[in-house]
Amino acid sequence: MPEAKGAGAGEKPAKTATYDIVIVGAGFAGMYMLHKMRGMGLSAHVYEAGSGVGGTWFWNRYPGARVDVESQEYSYSFSPELEEDWHWSERYAAQPELLKYANHVADRFDLRRDISFNTRITAASYDDHTGLWRIITDHGETITARFCVMATGCLSAAKTPDIPGAGSFTGLTLSTATWPTEGVDLSGKRVGIIGTGSSGIQTITTIAPDVGELYVFQRTPNFSVPAHNHPLDPAVREDWLANRETYRQQQRTSGVGILAVSPREGSALEVSPEEREREFEARWAKGGFCLGAAFQDVGTDRAANDLLVDFVANKIRGIVKDPDTAEKLIPATYPYGAKRVVVDTGYFEVYNQDNVHLIDLNETPIETITPTGIRTREGDYELDVLIYAIGFDAMTGALDRIDIRGRDGQRLSEKWNAGPVTYLGLMVAGFPNMFLVTGPGSPSVLSNMLMSIEQHVEWISDCLRDLGERQVTTIEATPEAEAEWVAHVNEVAAGTLYLQANSWYLGANVPGKPRVFMPYVGGAGTYREKCDAVAANDYEGFRLSRSETR
Ligand code: NA7
């Protein structure tokens, strides 16, 4: 239980609290972490900037927001009863249903009583002397905890527009990452949207039928595959529940934690053109990420990848009637999958509507945002509404926005000046007792996030139980283990085509951010084995110690 600390006579009472563990963020990671800590009898408290649970699915309420992993796979596995009671309505759940699910979990496990909402953590510093973390909220509260778990999300720090004139627009400005809760009526409006990642593509597809005119400002075309979303077949649910244990185990040992991806062995270059086409077609018809796993070498061999690029290019040409528009929509400068592939519901089709206009920013760059719209090199677009769908400062942004200081006052953002370094994506040398959930250096965004969140939360929980049993108070990654892991993460990435695109995986979408490949691409199953082996081997690569001030 928290200990309330009193203020001296005449002093303004400063709110303070002490817990075993402070958890930052009440998304799927923070919620499960809290549940686990409670189950272990530890005092834990969650601080959340939003007014409710759900993280990504709390904030991203833009029209058409939808998960790109099959619903039953993108859900918690830790409670069979939860799985049995919850009914997903669609193959790919939409944001309102995901948020409902998050709220259902919060209710079911009575989580809210240990969550402070509308509270942002602004600073967290490690006190070398006491061995405790001192955490500050934007309400001026100070919290002390031995352990600090950053469940801050990989895509939670939205970018702010860095376009000249941004802010001068006098119409309605919206951002997909902070869409108004009450929704927005765009019917009949002249709408401009900047950005064609997942958020942009889902928004464009959904609003195109309603708006008056839609101007899509595209800097880089994205690979996008059909979701073939539909109401979830009850037979799929029954099969999932009947084989739950097997499927969950398969997820945990697989490469990305998504069974529907169905990776196929063999090279795209070694089969006949007919067989290759058949495989691509079957996967396009199935929908979702499985297309990228059609052959083993699609992610590692540019020649194999080019065959898939050609296949998708022809699909786009087949859908989009205007040949000039079709060519502009075809990604031609980077391999398939090197930027996050979008899973859409009729995206390319919207360009056949008379009211949808594609503006290729490579041909006609934006010169400035004006009070009435957007000025490109070719002319002015008058708008009623301007939507930014420009992405996130991924993986490190949410942590950078907190003033995190480890031993000797070292700032995390300074330590990460040349790119994030971690041991296993779980801890950072010099920052004892601070855990990251799905941090850089772990499979995170290259895997099923729910599965990777569970893996990290369970590893951290087991670790804390072990430390408690051994009366160890401090765990810290060694600089040597950290350096070795970072080298391994880089080495594995270098064997892939990921480095051939300017993606947010590399930090390339944020001006000035070091170009470092952040997620671990060696496979979620392999990674899990490594984490388990480290724990079994007396926390190899970590330094364990007992402080005087337990
Ligand atoms: P993304 O995937 O980073 O997409 C952002 C888009 O915005 C992308 O098309 C960018 O073009 C574009 N962008 C960003 N800044 C600008 C400027 N200044 N001018 C023009 N265009 C710009 O973010 P999302 O929110 O769509 O998706 C993030 C993830 O969430 C997604 O991958 C899923 O995992 C869920 P660029 O490609 O940089 O040329």
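The model is predicted, so local features need pLDDT of at least 70 and side-chain atom pairs count only at pLDDT 80 or more, while totals for chains, interfaces and linings use all residues. Residues are numbered from 1 along each chain as its sequence is written, and side-chain values use heavy atoms, with hydrogens and water left out.

Helices and strands are DSSP runs, numbered from the N terminus; a helix is H or I with at least four residues, a strand E with at least two. Helix α4 covers residues 95–108. Its 14 residues should span 20 Å at 1.5 Å a residue. The expected span is 1.5 Å times one less than the number of residues. The end C-alpha atoms of α4 are 20 Å apart, which agrees. After α4 comes D110, whose phi is positive, near 50°.

Helix α9 takes in residues 302–319. At the start of α9, D301 places a side-chain oxygen within 2.8 Å of the backbone nitrogen of A303. The buried residues of α9 are A304, N305, L308, V309, F311, V312, A313 and I316. Among the elements that cover them are α8 (273–286) and α10 (323–329).

H45 sits in strand β2 (residues 44–47). Its relative accessibility is 8%, so H45 counts as buried. Contact here means heavy atoms within 4.5 Å.

T152 belongs to the loop between β6 (142–150) and β7 (172–175). T152 is buried because its relative accessible area is 15%. Residues up to four places away in sequence not counted, T152 touches V24, A398, L399 and I402. T152 and L399 are 247 residues apart in sequence. In space, their C-alpha atoms are 7.1 Å apart.

E476 lies in strand β19 (residues 474–477). With a relative accessible area of 6%, E476 is buried. The side chain of E476 makes a polar contact with the side chain of R407, at 2.7 Å. A polar contact is a pair of N or O atoms within 3.5 Å; within protein, one must be able to donate a hydrogen and the other to accept it, and residues adjacent in sequence count only if both atoms are side-chain atoms. Beyond four places in sequence, the residues in contact with E476 are R407, A429, G430, F431, P432, G541, F542 and R543.

A cavity is a set of points where a 1.4 Å probe fits but cannot get out; a pocket is an open set with protein on both sides within 12 Å along at least five of seven lines; lining residues have an atom within 4 Å of a point. Grid points are joined across faces, edges and corners, and a volume is the space filled by probe spheres set on the points.

The second largest pocket has a volume of about 390 Å³. Its lining numbers 18 residues, with D20, L42, R146, F147 and G468 nearest the centre. The elements that give two or more residues to this lining are β1 (16–24), β6 and α13 (449–469). By class, the lining has 10 nonpolar, four polar and four charged residues. Nonpolar means Ala, Val, Leu, Ile, Met, Phe, Trp, Tyr, Cys and Pro; charged means Asp, Glu, Lys and Arg; the others, Gly among them, are polar.

The structure holds seven cavities of 30 Å³ or more. The largest cavity has a volume of about 120 Å³. It is lined by 13 residues, of which Q72, E83, W86, W88 and R237 lie nearest its centre. Helices α3 (80–85) and α6 (234–242) are the elements that give two or more residues to the lining. The largest share, three residues, comes from α6. Eight lining residues are nonpolar, three polar and two charged.

The second largest cavity has a volume of about 80 Å³. Its lining consists of P420, T422, P440, G441, V486, V489, N490, V516, F517 and M518. Seven of these are nonpolar, three are polar and none is charged.

How values were computed: Buried < 20%, exposed > 50% of the residue type's maximum accessible area, 1.4 Å probe, protein only. 1 Å grid on protein atoms, 1.4 Å probe; cavity = no way out; pocket = protein on both sides within 12 Å on 5 of 7 lines; lining within 4 Å.
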